[in-house]
Amino acid sequence: MDVIIQSNAEMAARTAADLIARALSARPDLVLGLATGCTMESVYDQLVRKHQEEELDFSHCRTFNLDEYIGLAADDPCSYHYFMRHRFFGAVNIDLANTYLPDGMAEDLEVECVNYEKLITLNGGIELQLLGIGLNGHLGFNEPLSAFRSRTRVVTLSRVTRSQNASLFPKPGQVPRRAVTMGVGTILEARSCVLLATGLEKAEIVARAIEGPLTSMVTATALQLHPACTIVLDEESAGNLRENDHYQRMLAV
Ligand code: GLP
């Protein structure tokens, strides 16, 4: 695991965007795993800027998002479909036919989950998976006690997650109770992972995820098992790490 600590949130988002841009330039038909959440907004802003100013080309790129709420249509402003289209897809030259998110409105959600996994495999697997982290350590919507080998499936959202995401809905009671998420096993199969976390409120969970013991109670500890995982932080979210100096030195050599 590499831990990169930047001085502020903007620099951290730039670093995450640089890692994606480098992978995409090396491989224009990159299969990219994408995430949502407020932290990701600045990553997408940076990628849009790179597309506009540096001609970063998304025309051959394929994307798979981590998750979607159940019961929200793609045109619902609170859905992740809407978020992706408005924050990113609509602002770069990606072919919408090559962008995939789980369908939270699918009639048969079990079939939807199986098909999502198949689609990832058919596309050759995810090369780089972008991740955020929830206050309870979730990845995607893999809440505490998600099996490290879990696959794409229907999950019940925890109270912490529903209240963390409530500000993004007109009324807190409107946060859906369930979602479809890639599994922890699905995420761990990505050839590389980049997790971005910023801000003081993430400091405690970031330290547990990176330095704590492996436990399905904190889903993000599963990343300790991943052979090519980069964690990008700002100084605030890195504040509770014990081996902070060591991580900085590792990258300096
Ligand atoms: C949601 C998403 C997660 C994301 C989390 C963090 O719950 N399903 O994939 O990591 O939000 O959100 P934020 O960046 O707003 O803290």
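Biologist: Why is leucine 24 called buried?

Modeller: Leucine 24 has a relative accessible area of 2%, and buried means under 20%, exposed means over 50% and partly exposed lies in between, worked out with a 1.4 Å probe and protein chains only, so leucine 24 counts as buried. This is a predicted model, in which local features need pLDDT of at least 70 and side-chain atom pairs count only at pLDDT 80 or more, while totals for chains, interfaces and linings use all residues. Residues are numbered from 1 along each chain as its sequence is written, and side-chain values use heavy atoms, with hydrogens and water left out.

Biologist: Which residues touch leucine 24, leaving aside its neighbours within four places in sequence?

Modeller: Leucine 24, whose place is in helix α1, is in contact (heavy atoms within 4.5 Å) with Leu30, Leu56, Asp57, Phe58 and Cys61, once those sequence neighbours are left aside.

Biologist: Is glutamine 46 buried or exposed?

Modeller: The relative accessible area of glutamine 46 is 9%, which is under the 20% limit, so this residue is buried. Glutamine 46 lies in helix α2, and, apart from neighbours within four places in sequence, it is in contact with Glu10, Ala13, Arg14 and Ala17.

Biologist: What makes glutamate 55 an exposed residue?

Modeller: Glutamate 55 has a relative accessible area of 70%, and because exposed means over 50%, the word applies to glutamate 55. Glutamate 55 is placed in the loop between α2 (38–54) and β3 (62–65), and its phi is positive, about 60°, although it is not a glycine.

Biologist: How do you know that leucine 145 is exposed?

Modeller: For leucine 145 the relative accessible area is 61%, and this value is over 50%, so leucine 145 counts as exposed. Leucine 145 is found in the loop between β6 (128–131) and β7 (153–156), and its phi, near 80°, is a positive value in a residue other than glycine.

Biologist: How many helices and strands does the chain have?

Modeller: The secondary structure comes to 8 helices and 10 strands, where helices (H or I, at least four residues) and strands (E, at least two) are DSSP runs, numbered from the N terminus.

Biologist: Why is the chain called as compact as a globular protein of that length?

Modeller: The radius of gyration, taken over C-alpha atoms, is set against a globule rule of 2.2 Å times the number of residues to the power 0.38. The chain has a value of 17 Å, close to the 18 Å that the rule gives for 253 residues, so the chain is as compact as a globular protein of that length. Of the 253 residues, 55% count as buried.

Biologist: Which residues touch the most other members of the largest nonpolar core?

Modeller: A nonpolar core is a set of buried Ala, Val, Leu, Ile, Met, Phe, Trp, Tyr and Cys residues joined through side-chain atoms within 4.5 Å. In the largest core, which has 75 residues, those touching the most other members are Val43, Tyr44, Leu47, Phe58, Phe88, Leu233 and Leu241. Helix α1 (residues 9–26) gives this core its largest share, 9 residues. A second, separate core of 5 residues includes Ile70, Ala106, Leu109 and Val180.
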